[in-house]
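Me: I would like a close look at a single part of this protein and at what lies around it. Please keep it plain and take one step at a time.

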Amino acid sequence: MLYAADPVWEDADRGVWLYQGNCLSVMDRIAERYPEGVFDMIFADPPYFLSNGGITCHAGKMVSVNKGEWDKSRGPEENHNFNREWLARCQKVLKPNGTIWVSGTAHVIHSVGFAMQQLGFKLLNDITWVKPNPPPNLSCRYFTHATETIIWAAKSEKSRHCFDYKLMRQMAGGKQMKSVWEFLPPRRAEKVFGKHPTQKPVALLERIVHASTKPDDLVLDPFMGSGTAAVACIRAARRFVGIELEPAYVSLATRRVEESHVLA
Ligand SMILES: C[S@@+](CC[C@H](N)C(=O)[O-])C[C@H]1O[C@@H](n2cnc3c(N)ncnc32)[C@H](O)[C@@H]1O
């Protein structure tokens with residue numbers, strides 16, 4: 001089954017389809033084919049708009065923040081318009097009870113939350129992902145950045161969203177799971193096929209997938225990067241569609257997916 005013309009890579013047996021291109025146009029093609037929506041869940045890790053000449057600490061050294069052309073800010077209005085554009089398409093391709101998770105830092109997450117309210121999503125939770133070992137703040141003029149926010153929302157106020165309460169409670173040692181989650185950055189084994197500057201840990205994605213989907217559900221990642229969500233879906237026996245603009249990252253994601261039976 002194809003979700004838009006010409007995936008660059010597919011494995012119909014495992015239910016994985018990868019697309020290279022701009023997620024706006026690929027989602028338009030999917031929406032044309034499935035006007036009632038087709039995805040049970042979407043995970044999106046969009047551009048943060050922070051590669052604009054600032055500095056950060058990498059491996060103990062001061063380096064300029066340059067994650068790529070795709071991460072450059074175009075100013076607050078244009079950045080917000082872009083967030084509205086891709087979120088509107090995500091809302092179209094979600095099934096009526098589907099949910100979306102969007103991760104980001106302060107540079108982008110407030111615009112994402114506002115755009116969701118403008119579009120009529122139902123906000124469910126905002127998760128604070130705590131990084132126990134953040135890089136130091138070299139300027140010594142700010143607190144060190146140690147968290148990211150992940151907003152969880154349903155397609156509309158009418159949605160009856162999926163939440164595996166029982167499993168989450170079990171994972172939290174028999175107590176209700178809180179919205180503060182601690183995860184280390186990706187392990188070395190998750191980077192053996194190459195690096196992505198904003199790669200997420202597989203364990204974080206696995207929790208998201210288990211919390212909000214059932215086996216065989218269909219998940220979309222419109223900003224796939226290195227394919228972390230794909231790996232999590234394969235490990236959890238969910239089907240997956242990924243879209244990525246940069247051919248080099250599509251190749252990286254493809255290798256991770258091909259080898260996901262042996263490696264995270
Ligand atoms: C924040 S990263 C995602 C990282 C990913 N979660 C991972 O674990 O590797 C965002 C990705 O979106 C891609 N991207 C940016 N604009 C895009 C667009 N319009 N359509 C599709 N991909 C895009 C970038 O090339 C980048 O790889």
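**A strand and a helix in the core**

Reply: Strand 3 and strand 6 (residues 94–104) run parallel and are joined by five bridges. This comes from a predicted model. Within that pairing, Phe 43 stands opposite Trp 101 of strand 6. Strand 3 also has a parallel partner in strand 10, with two bridges between them. There, Met 41 is set opposite Val 219 of strand 10. Strand 3 is mostly covered, with six of its six residues buried.

The core comes next. The largest nonpolar core holds 61 residues, and Ile 42, Phe 43, Val 219, Ala 229 and Ala 230 have the most contacts inside it. Two of these names have already come up in the pairings: Phe 43 opposite Trp 101, and Val 219 opposite Met 41. Leaving out residues up to four places away in sequence, Ile 42 touches Cys 90, Leu 94, Ile 100 and Leu 220.

Helix 6 spans residues 228–235, and seven of its eight residues are buried, so it is largely enclosed by the rest of the structure.

The ligand is surrounded by 18 residues, and the closest are Asp 45, Phe 223, Gly 225, Ser 226 and Thr 228. Sorted by class, this shell has seven nonpolar, seven polar and four charged residues.

Now for the other end of the helix. Just after helix 6, Ala 237 has a positive phi of about 60°. Most residues other than glycine have a negative phi. Ala 237 is found in the loop between helix 6 and strand 11. With 14 other C-beta atoms within 10 Å, Ala 237 is partly exposed; a residue needs 20 or more to be buried. Ala 237 and Gly 15 are 222 residues apart in sequence, but their C-alpha atoms are 8.9 Å apart in space. Not counting residues up to four places away in sequence, Ala 237 touches Pro 215 and Asp 216.

Asp 216 also has a positive phi, near 75°. Asp 216 has 10 C-beta neighbours inside 10 Å and so counts as exposed.

The whole protein gives the setting. The secondary structure comes to seven helices and eleven strands. The radius of gyration is 18 Å, close to the 18 Å that the globule rule gives for 264 residues, so the protein is as compact as a globular protein of that length. Of these 264 residues, 38% count as buried. Among contacts with a separation of 6 or more, 69% are between residues 24 or more positions apart.

Terms used:
Residues numbered from 1 in each chain as written. Predicted model: local features only at pLDDT ≥ 70, side-chain atom pairs only at ≥ 80, totals over all residues. Core = buried A, V, L, I, M, F, W, Y, C linked by C-beta atoms within 7 Å. Buried ≥ 20, exposed ≤ 12 C-beta atoms within 10 Å, placed from the backbone. Contact = placed C-beta atoms within 7 Å. Helix = DSSP H or I, 4+ residues; strand = E, 2+ residues; numbered from the N terminus. Rg over C-alpha atoms; globule rule 2.2 N^0.38 Å. Pairing = 2+ DSSP bridges. Near = placed C-beta within 6 Å. Nonpolar A, V, L, I, M, F, W, Y, C, P; charged D, E, K, R; others polar.
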